[in-house]
Amino acid sequence: MIMYPHRIHTYYLAFFATFMLSVTAPCMANAKNTAVSFKKCLTCHPDIKKELPQEGAHRPFKELQCSSCHNPHAAKYKDLVKEEIGKLCRSCHQGNKGLADKKHGHRPFEEGECLACHRPHASKNPRLLKEKDEQLCFGCHSKEGSFSKKNKHDPVSKGRCLRCHSPHTSDHESLARKQSSQLCVTCHSIKKKKAQKAHLGYPVEGTNCMSCHSPHGSDRKALVKGSLHQPFARERCRTCHNGLSSQDPLGLKGKGASICIDCHPEIPEDFKKVNAHINQGVFCVACHTPHASDVGHLKKAKEAKICFNCHEDTKRHTRDKRNEHKHPLLKEGKCSPCHRPHGSNFRLFFAADEINVCTGCHERHAKFTHPVGKDAIDPRSKRDITCITCHNLMGSPEQFALRFDRKKQLCIQCHKGY
Amino acid sequence: MPRRSILALFSLVLFLFVPATGFCKQKARVKHLTSITGNKEIGQFGLLGGVFFDENKNRLYVADTTNNRILAFDSDLKFVSEFTAGGALDSPTSLVRDGRGRFFVAGPGKGRVLLIDIAGKHTERIDFSAVPKANPVHPGNLAVDSEDRLYVVDKANQRIVVFNSNMRFERQIRVKDGRGLSDVKVGPGGRIYALNTVDGSVCVFDARGKRVLKFGKRGTARGEFRFPVSLAVDRKGLIYVVDQHMNNVLVFNRKGEFLFDFSQLGWREGRLHFPSYIHINSAGRIFIVDRQNARISVFE
């Protein structure tokens, strides 16, 4: 048979069409089968079916696109989700691309635990939140402290935490939506006569309101914090600041830390140590507030929060989920029982040597322990064994905050041949 | 397929694959040489301060802070002697020795730097009275240059205070845009290298005190610091920074570009545990104060 060119062309087209049909038809059939099979999910998961009619249902859930998040066959993660929760949510909710670049992050957000606050399918609360307003926040954050005081900040009384705080990330401490000097004035005018009188005429615009005021609650009027620096309590601002008639009324009278040392002459001795937390200017205010505080010794915040401001890598280490075993004091945010914040002649700013700093509290261990001290030499390093030779109290994956697995690794670090 | 083609293909694969794996395997650029530890002769080390290698005398000096002494070792790192400056040493931390053989020892506990002239048998305090200050000088680490100028880290004022060879205050170098000044070294060409621990930056100044380079930051990526505490510069201008919390040393080129790091957390030879100070001699030997392991680790 002779094949004329136009017939070759026709046969070619026919072959191509048949081929394409054979490839696409099963896919279309599968697609139809897929829609049917996700409706089948509800047959076995009737509790989920009840959530469907809710107004605020998650769109993939409402549209029965279960495979957006779940693998119907098998998955590495709980509830057959396809990916780690944080990554899964971000695959659609990229949101403001700058969100992740901000300086401070809410821990559940940073750790990808979106379900700490949000429901994945449906919720009667906006934005799929598990609870409404402050009920959600107080699920993790304690209601004690400034929240339980006599006078409450209005947004706190109304449970409107998000008036001041960003739930995910922020460039400002405590996830504040703005810097303190700008946030508070969105509601509170400090230019009014009453406010000016309360501040004794000093031009406080642009300063940190939280140097004196609690943002949540206080037993004092005007939400002034509980413990007051004596000159502040006596309204003797000129003890430290220039007078109102000066060109710079809020400027400090003395140079550097002498402004504090003049009244606290015993303090410099604390810094005359081998290790000292000393810095330029009025470095005392790196940790202490000169006005009012809700924490002892006029500290600006809880100890760990202050320390982690500079020791950010230590903060990361202690918050790493793998390092679940740590000293209980660390979990309470306390550093000073073991470390001297001003200065120390011991390693690591310890309050005492590496044995006595522990046995001061762990008295039983002073008498009943693996040999420690100058007569017990670590064969690896040739120095004396101390408590922290074996323990890493800042956080370890091993029980008792040991540096190695006590059942198969720890002892043989030194005791070879067993 | 013809046998010749198979052979050619196999050879090509070998030719490409083997050198690639060879390049991937990084050669050890820095090797651990030895460690100086306490022993029966010198007793146990206490909290160790700084170290300094005197090129003229070929001696390594180590400040044993807790035991108020300075130990001297020869070029083979064998113990030679110890001295206490007649009891004048009080928690000595950093130490350096200038070309005239004078020791300078920082004693932050007393807020002073001592000049110890062994030959002249006298000791004196460096006079800070002429130094302008907001806070009293809190001396940290020290450095000397080829003209016997003394450089003192003044932590309380975020600056380096410079004294001339007659120990008169010459000038101050403010380390602005940095937080937590912790170390200073003078490198080739008289350049001054300053390390800020809190913001993890290295500032490089020319001999006149003008900043010519700033690099480094704290973070988790490779080449970023967790907690840098000391730095040194070798004769090629490579900058070595000790990271106390990563328990290693990061090395940068003259432009501040990260090259490599060495060592890691550990207790055995060659590993570090909270290292606190570094010094490099002209032969390229690296002396690291391995503070928590109470020893000096020597690399090259």
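Which residues does B:Ile278 touch, not counting residues up to four places away in sequence? In this predicted model, local features need pLDDT of at least 70 and side-chain atom pairs count only at pLDDT 80 or more, whereas totals for chains, interfaces and linings use all residues. Residues are numbered from 1 along each chain as its sequence is written, and chains are lettered from A and ligands numbered from 1 in the order in which they are written.

With contact taken as C-beta atoms, placed from the backbone, within 7 Å, B:Ile278 touches B:Ser230, B:Leu231, B:Ala232, B:Tyr240, B:Val242, B:Val249, B:Ile286, B:Phe287 and B:Ile288. B:Ile278 and B:Ile160 touch the most other members of the largest nonpolar core, which has 79 residues. Such a core is a set of buried Ala, Val, Leu, Ile, Met, Phe, Trp, Tyr and Cys residues joined through C-beta atoms within 7 Å; a residue is buried if 20 or more other C-beta atoms lie within 10 Å of its own.

Chain A contains 18 helices and 10 strands, assigned as DSSP runs (H or I, at least four residues, for helices; E, at least two, for strands). Its radius of gyration, taken over C-alpha atoms, is 32 Å, well over the 22 Å that the globule rule (2.2 Å times the number of residues to the power 0.38) gives for 418 residues, so chain A is more spread out than a compact globule. Buried residues account for 17% of the 418 residues in chain A.

Between the chains, 31 residues of chain B are in contact with 23 residues of chain A.

Note on methods: Contact = placed C-beta atoms within 7 Å. Buried ≥ 20, exposed ≤ 12 C-beta atoms within 10 Å, placed from the backbone.
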